[in-house]
Each structure stands twice: as structure tokens, then as C-alpha cells.
Amino acid sequence: MKSSLTGNDNYLENFHPGAIHRHARGKTVTELENVQITNMVMNTAQSHFNEDIMTRDPRKHRLVYGGVTASIAIGLAAEDTAENALAELSMDKIRFPASVFHGDTIYAFTEVLAVEDSPDRPDAGIVTFRHWGVNQNQIVVFEGERRVLIKRGSHWQDK
Amino acid sequence: MNNKTDVVPDFIEKAVLWEKGSAFEDFSIGQIFEHHWGRTITEGDNALFTTLTLHYNPLYFNAEYARAHGHPGVVVAPMLVFNLVLGLTVEELSEGGGAFLGADNLTFHTSVYPGDTLTARSTVVDMRESKSRPDRGIVTWHTEGINQRGELVVDYRRANFKIKRKA
């Protein structure tokens with residue numbers, strides 16, 4: 001399989017503990033993401049898809065489901081931090097400090113917390129990331145840690 | 001959009017609400033839920049989720065690439081696995097008001113492929129009063145997502161505010 005299918009700047013060797021990255025794209029959350037994914041995964045909480053009932057709630061509008069917020073924030077970070085991943089291993093400390101509504105735009109930031117060898121894969125290593133999702137007003141709407149098995153460029157690049 | 005009418009249909013007046021969701025008082029530590037429905041994940045679910053969330057790892061949308069990495073075909077995006085399992089738990093656990101506070105200790109144990117069927121079960125692991133909101137408490141569940149062979153595919157702890165019935 002050609003290594004040209006994925007990037008050359010996001011192998012294990014490219015991650016250094018303490019580095020903080022700002023990811024290039026943002027995404028405006030609409031019904032397309034929130035209502036569709038909430039319904040697709042059969043999350044039955046109607047605060048995510050019943051605008052009428054939310055007009056009688058102090059928040060006034062449908063809330064974006066946290067799973068959608070987390071998935072978009074991690075997705076915005078994915079080309080840089082998951083494109084050369086062999087496996088997603090774990091997540092921790094997932095929090096939603098502020099609500100997200102349709103029309104809000106999410107941007108993603110990532111800190112590299114740790115880079116380790118893999119106990120059973122010499123061709124890959126484990127990176128621990130802290131991700132943040134931030135809205136258009138620079139308010140944090142998602143944070144969480146993520147451990148990922150990422151290819152070593154020494155084994156996979158230009159093969 | 002139609003305007004409000006003065007003539008409310010008779011059946012609306014007579015109808016009894018068939019309630020959904022739960023309150024803080026409905027939970028006790030150690031209680032186990034085998035959740036409803038289950039869900040077979042399709043190629044369409046996975047392609048839609050991965051592209052809408054911009055999750056650009058070819059394992060999830062390039063079958064040739066996935067096969068070259070030892071998989072039988074495309075892999076289901078782990079974030080979709082997490083969301084599908086969580087979705088199956090909502091009616092019994094978190095529906096009925098109260099914010100999703102967070103999730104911890106989430107582990108992806110094994111790969112999921114289109115055609116796999118997931119079910120979910122949860123155990124109540126913690127219940128606390130809220131210091132800031134006397135009208136609600138905080139419930140923490142340990143949830144497991146299981147495939148059609150009984151293998152654990154994902155597990156995590158989730159905490160939510162739950163509104164109290166007698167506030």
C-alpha cells in the first residue's frame with residue numbers, strides 16, 4: 001500500500017511532548033451534523049432534535065449533543081493526529097465546559113502529552129494527546145485526552 | 001407554520017403522556033441495565049459519520065488500505081462506536097434532563113466492522129448530591145458495548161446531572 005495515501009509530517013517521530021498545535025480548519029455545526037448523528041446513533045434525548053420544546057427551555061434552542069461536539073473536535077484534529085494511526089486505543093477526561101448550538105463554529109487544538117514505544121509493535125508507538133474544541137468566541141466547548149497507536153515513519157514512510 | 005388554534009382537538013385533551021426518561025431517584029448503586037434495541041452498523045453509517053466529522057484516516061473509508069493493514073475491509077470509526085453505544089443507553093440513563101458532564105476511562109478493546117451488531121449494558125457506579133444544584137444529583141455509570149460474539153468492544157464511565165423528581 002502506497003504511503004502517498006497519507007501525509008508525511010504526522011508519523012510517530014513528528015510528535016514531541018509539550019508541543020501545542022492549532023489545526024487548520026474549523027467546522028460550523030448545523031442540523032446536518034447534530035440532528036443527523038444524534039438520530040443515527042439513536043440518542044433519544046429530544047433536547048438535541050426538538051426545537052419546539054426548547055423554545056420553552058432557558059437555553060431556547062436545540063443543544064448540540066456532546067458526542068457530536070467531541071467527534072467534530074477530534075475530527076478537526078484527525079488529519080494531523082490520526083491519519084497515520086493504526087488504532088485508537090483509549091480516551092479519558094472528556095468534558096464539555098460550555099454548550100454548543102447550531103451555527104457555532106468549532107476549532108481544534110492539540111497538546112502532545114507523551115510519546116512512548118508500543119510494547120508489541122516495533123513499527124509503531126503510542127502518543128497521548130490532549131485535545132480542545134473551542135468555539136468562535138474562543139470558549140472551550142470540549143476537552144479530552146486520547147491515546148493512539150501511530151506508525152513510525154522509519155518503518156512505514158516511502159514504502 | 002400554522003398559527004395557534006382556539007379549537008384543540010378532543011384527542012389531545014384526553015391523551016395520557018406515555019413517559020420516557022428517568023430521574024435521579026430511579027437509580028441505585030450496583031443497578032445493572034441491559035439496554036434496548038442493539039444496532040447493526042452499516043457501511044453507510046460509517047461513511048457518513050467519518051466524512052461529516054472530517055475524520056481523515058483511510059482505515060475508515062478506503063477498503064483497500066484497510067485490507068493492506070490486516071483488516072477484512074473498512075474499520076468502523078471508533079468515535080462512531082462510542083456514540084452508537086452511548087446512544088443505546090440514553091433512554092434508560094440520561095433522557096429526562098440533566099447535562100452530560102463527562103466520560104472517563106474509555107477503552108477501545110477491539111475493531112468493529114460494518115455488519116457487526118452492538119448492544120450496550122451499564123452499571124450504576126456512583127451517585128452524589130450536587131453542591132451547586134440542589135434540584136439534581138450526579139449519577140455515574142460504567143457502560144460496556146458488546147458485539148454479536150459477546151466480545152467487549154468499548155467501555156467507559158459517564159457522569160450526568162439527573163433532575164430529582166421531588167425537587
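Colleague: How many residues does the contact take from chain A and from chain B?

Modeller: It's 35 from chain A and 34 from chain B, where contact means C-beta atoms, placed from the backbone, within 7 Å. This is a predicted model, so local features need pLDDT of at least 70 and side-chain atom pairs count only at pLDDT 80 or more, while totals for chains, interfaces and linings use all residues. Residues are numbered from 1 along each chain as its sequence is written, with chains lettered from A and ligands numbered from 1 in the order in which they are written.

Colleague: Which element gives the largest share of chain A's side?

Modeller: β2(A), with ten residues. Helices (H or I, at least four residues) and strands (E, at least two) are DSSP runs, numbered from the N terminus.

Colleague: And what does β2(A) pair with in chain B?

Modeller: Strand β3 of chain B, residues 100-108, antiparallel over four bridges; pairing takes at least two DSSP bridges. Within that strand, A103(B) is the bridge partner of I94(A).

Colleague: New topic: what's the phi of M42(A)?

Modeller: Positive, about 60°, though M42(A) isn't a glycine. M42(A) sits in the loop between α1 and α2 (51-54) of chain A.

Colleague: Is M42(A) buried or partly exposed?

Modeller: Partly exposed, with 18 other C-beta atoms within 10 Å. The count uses C-beta atoms placed from the backbone: 20 or more within 10 Å is buried, 12 or fewer exposed, in between partly exposed.

Colleague: Where's Q138(A)?

Modeller: In the loop between β4 (124-134) and β5 (140-151) of chain A. Q138(A) also has positive phi, near 65°, and is exposed, with 7 other C-beta atoms within 10 Å.

Conventions: Two residues are in contact if their C-beta atoms, placed from the backbone, lie within 7 Å.
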